[in-house]
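Student: I've got a new model open and I'd like to learn how to read it. Could you walk me through a few features?

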Amino acid sequence: MRKRKPLVPDIASLTRQYGSPLYVYQLDAVTRALADLRAALPPQSVVYYSLKANPHVAVARELRRSGCRAEISSPGELAAARNAGFRGEDCLYTGPGKTDSEIDHAIAEGVRRFSVESAGELDRIGRAALAHRTEATVLLRVNGSSVGASGLRMTGAESQFGVDEEQVIADPGRFMNVPGARLVGLHLFPLSNARDESSLIAAFRENIALAARLRDRAGLPLLVVDLGGGFAAPYARPGRRPGYPGLRKALDAALDEGLPGWRHHEVEIAFESGRYLVGDSGRLVTTVQEVKTSGNSTFVVLDSGINHLGGMAGLGRLARPSATPDHAGGETATVTLVGPLCTPADVLGRDVEVPDLAPGDSLVVPNVGAYGLSASLVAFLGRPTPTEVVLADDKVVDVSRMRLTYECFPVQKSVEEAS
């Protein structure tokens, strides 16, 4: 019988106490990431935390305490932000397809800053603000050109996001004279998860030049320019967040040229980040249920699958995860890691090399603090969600579990039934 080396002590004790599967988030990693990002950005920059990466209240609360604002795009994210202590005025409401009811709800909750995706949406925000006897301040999202290498392209082609630059220049007054919605600047978000610093710099330079063009050619006010994000982080594999040693100098120069008032607070410069701020804060612990062979392949069946890690896995977009076992040494094998769901799509990784595994062994998937549980197929097949444990200085400060429930409504009788 082989001897097993324990997992990192905090993980081993946590799984004994709270079971498996288990998400573990470390707040000290979150604060380190924010400090690193601020060091890479121009001074005075506003940083929005994108709750889509991880809406866990303790994680969001830590970033609020550290000075971040909140970027949200749904009533659920607004509720999470408010629960974390963000005020409505701290939130930027983004995303296409905002409904009238959610716009009305956001304004009722104190949200006043919106990213506007179209002229029609601008009108609806203005009407909702007037109904609440207030005024919304809006950023016009503009779809400009695309430069730089990226894991996910957000602009530079026909898109559901924003308004084309040419449309804005052709009729700028359409976006500046809407009662109840005061245009104060631009929202520009060209890419996500940039592969290298040069791509990130190129994208930001182009966006700064775009903002200057719209100011000069269309007369748009530029009190606020949100340059978006694109800051990368490893996902479900070992690795460190990239450094951006040349970014601040490059941004300073580009801003001095295109938006010179930024140094004197004439233009507020904002950035957004999700995965960079929280990606390396999270680990997923999962336990081997069975090891079986089929033909020439070995399958390791886990108690966690695509219902807990990466909603994109079902579409074949999940990067092959790395899983570290709770013992080392011995022979290794190339296996397929699968979850417990009744579907062949429940594959976490193919051709993954791991040490010899047996039922009861634990695996740890690193760097899943972003786009982990909340980005997964949590409702599929109705299995329980993992417990989520939050650590600060290796001490447990929050323990919770997400639950999905049905909310039942009374059935309305038809006119014929009522009579």
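Tutor: Let's begin with burial, where buried means under 20% relative accessible area, exposed over 50%, and partly exposed in between (1.4 Å probe, protein chains only). Here 53% of the 419 residues of the protein chain count as buried. Keep in mind that this is a predicted model, where local features need pLDDT of at least 70 and side-chain atom pairs count only at pLDDT 80 or more, while totals for chains, interfaces and linings use all residues. Residues are numbered from 1 along each chain as its sequence is written, and side-chain values use heavy atoms, with hydrogens and water left out.

Student: What is the mean pLDDT of the protein chain?

Tutor: pLDDT is the predictor's confidence in each residue, from 0 to 100. The chain's mean is 89, and 88% of its residues reach 70 or more. Residues 147-157 fall below 50, yet that stretch has 44 contacts in the model beyond near neighbours in sequence, contact meaning heavy atoms within 4.5 Å.

Student: How many helices and strands does the protein chain have?

Tutor: Helices (H or I, at least four residues) and strands (E, at least two) are DSSP runs, numbered from the N terminus. The protein chain comes to 11 helices and 20 strands. Among its contacts with a separation of 6 or more, 71% are between residues 24 or more positions apart.

Student: At what angle do the axes of α8 and α9 cross?

Tutor: Axes are lines fitted to C-alpha atoms, for helices over the stretch in contact, and angles run from 0 to 180 degrees between N-to-C directions. Angles under 35 degrees count as roughly parallel, over 145 as roughly antiparallel, 65 to 115 as roughly perpendicular and the rest as oblique. The axes of α8 (residues 197-218) and α9 (residues 247-258) come within 10 Å and cross at roughly 15°, which means α8 is roughly parallel to α9. On the α8 side, the residues in contact include L200, I201, F204 and I208, and they meet a set in α9 that includes L251 and L255. By class, this contact has 10 nonpolar, one polar and three charged residues (Ala, Val, Leu, Ile, Met, Phe, Trp, Tyr, Cys and Pro count as nonpolar, Asp, Glu, Lys and Arg as charged, and the others, Gly among them, as polar).

Student: And how do α5 and α6 cross?

Tutor: The axes of α5 (residues 100-108) and α6 (residues 119-131) come within 9 Å, crossing at roughly 45°, so α5 is oblique to α6. D100, I103 and I107 of α5 make the contact with R124, I125, A128 and A129 of α6. Those residues divide into five nonpolar, no polar and two charged.

Student: Which peptide bond is cis?

Tutor: Look at omega: the bond from S20 to P21 is cis, with omega near 0°. P21 sits in the loop between α1 (9-18) and β1 (22-26).

Student: Is P190 buried or exposed?

Tutor: P190 counts as buried because its relative accessibility is 2%. You'll find P190 in the loop between β9 (181-187) and β10 (191-194). Its C-alpha is 9.5 Å from that of V142, 48 residues away along the chain.

Student: What about phi of N367 and L381?

Tutor: Phi of N367 is near 55°, a positive value in a residue other than glycine. L381, another non-glycine residue, has a positive phi near 70°. N367 lies in the loop between β18 (362-365) and β19 (387-392), and L381 is found in the loop between β18 and β19 too. N367 is buried at 7% relative accessible area, whereas L381 is partly exposed at 45%.
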